[in-house]
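Student: Can we go through this model together? I'd like to know what the labels rest on.

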Amino acid sequence: MPEGVAPGSLRHFAVLFSGSPDKPLLEAVYALEAEVRRVVAATSHEAAHAKLQWWRGEIDRLAGGRPSHPLAGALLPLRGRRDVDLTLCHEMLVAADLDLARMTYSTWQELDAYLFRSAGIIQTLIAALLAGERGLAPAEREFARRLGAALRQSEMLFDLDRDLARGRLYAPTAALEAAGIDPEAFVRDRRTATASTFIGGWQERVRSELRSLPAILAEPGLRGAQRHGLVLAALHARWLEARSAVSAPAGGPRPELGAFTRLWTAWRTALHHG
């Protein structure tokens, strides 16, 4: 199984309960996302930039029907599908460049632009794939954009200490300052009362967004088609609840959802929206 949907992962359960016959294509999209993230995590920035440049050419070759990499080849069946624009994958590479540059964001609006490139693009491709020949409804497009932003933020919160250790501060600096927090001090220590309050507020904001997503898809048919995203949103909401319930020390073990909780949440959500 592709790395992007490792057995037992949240994405694995979302794909499993998607109800889609195109599960291999869903896995291929996530495999490309995992590959780009692996490039960003490389220790050599020069090598990472070179790989990202190569992937720019490969995405163009994929859009033209001539991919050379196995991951891109697995995505070839998406070419020509209604509302699937493979050139949007270039935006993922822009987000990767921003990560390598350790870009910081001043406002939530600036962060949102990064979130769309980093995760909204992936969820938009998946939503279009699941919409099929009828095409992507405006509500599904909005759902995918907001889903991607919420998922990426939940990952940021879960990986907060690790990202800061790598020099990546995603929390908007203006928002930190408005909360009375010096961004440089936040990087050094998140265990102050003010920092904990800021993080808790961010977590609740993302969790509330995840819970509100089903309302975007007012029509039952749209919810059935986008079951994958609804399952993923429910899993991430539970994931954030687990993180909120446990205050792990910086650098310590991170709280995880148990396998049964993941399975139960995914099954119950899929059944509700089926």
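Student: What makes us say that α7 and α11 meet, and which residues do the meeting?

Tutor: This is a predicted model, and contact here means heavy atoms within 4.5 Å. On the α7 side, R146, A150, L151, Q153, S154, M156 and L157 meet I199, W202, Q203, V206, E209, L210 and S212 in α11.

Student: How is the packing of α7 and α11 described?

Tutor: Two packed helices are described by the angle between their axes and the distance between the axes. For α7 (residues 138–158) and α11 (residues 193–212), the angle is about 150 degrees and the axes are 10 Å apart. The crossing of α7 and α11 is left-handed.

Student: What does L130 touch, leaving out residues up to four places away in sequence?

Tutor: L130 touches S20, L26, A225, Q226 and H228. As for Y114, L130 is 16 residues from Y114 in sequence and 24 Å away in space, C-alpha to C-alpha.

Student: And L271, is that buried or exposed, and how do you know?

Tutor: Exposed means over 50%. L271 comes in at 57% relative accessibility, so L271 counts as exposed. L271 sits in helix α14 (residues 259–273). With F260, W264 and W267, L271 makes a nonpolar surface patch of about 490 Å².

Student: What makes D22 and R81 a salt bridge?

Tutor: The cut-off is a side-chain nitrogen of Lys or Arg within 4 Å of a carboxyl oxygen of Asp or Glu. For D22 and R81 the closest N and O atoms are 3.1 Å apart, and the pair forms a salt bridge. This pair links distant parts of the chain, 59 residues apart: D22 is in the loop between α1 and α2, and R81 is in the loop between α4 and α5.

Student: How many salt bridges does that rule give?

Tutor: The count comes to 21.

Student: How far apart are R38 and E35, N to O, and where do they sit?

Tutor: Their side chains meet in a salt bridge at 2.2 Å, N to O. R38 and E35 are three residues apart in helix α2, so about one helical turn separates them.

Student: What about R207 and E204, how do you know they form a salt bridge?

Tutor: With the cut-off at 4 Å, the side chains of R207 and E204 meet at 2.5 Å, N to O. R207 and E204 both lie in helix α11, three residues apart, about one turn of the helix. R207, at 14%, counts as buried, while E204, at 35%, counts as partly exposed. Elsewhere, salt bridges that share partners join R11, E33, R37, R152 and E155 into one network.

Student: One last thing: what is said about phi for D83 and R102?

Tutor: D83 has a positive phi of about 65 degrees although D83 is not a glycine. R102 has a positive phi of about 55 degrees, and R102 is not a glycine either. D83 is in the loop between α4 and α5, and R102 is in the loop between α5 and α6.

Definitions and conventions. Residues numbered from 1 in each chain as written. Predicted model: local features only at pLDDT ≥ 70, side-chain atom pairs only at ≥ 80, totals over all residues. Heavy atoms only, no water. Patch = residues over 30% accessible without salt bridge, like charges linked within 9 Å, V, L, I, M, F, W, Y side chains within 5 Å. Areas by Shrake-Rupley, 256 points an atom, 1.4 Å probe, with all protein chains shown as cover. Helix = DSSP H or I, 4+ residues; strand = E, 2+ residues; numbered from the N terminus. Buried < 20%, exposed > 50% of the residue type's maximum accessible area, 1.4 Å probe, protein only. Axes fitted to C-alpha atoms, helices over the stretch in contact; angles between N-to-C directions. Left-handed = near helix turned anticlockwise from the far one by under 90°.
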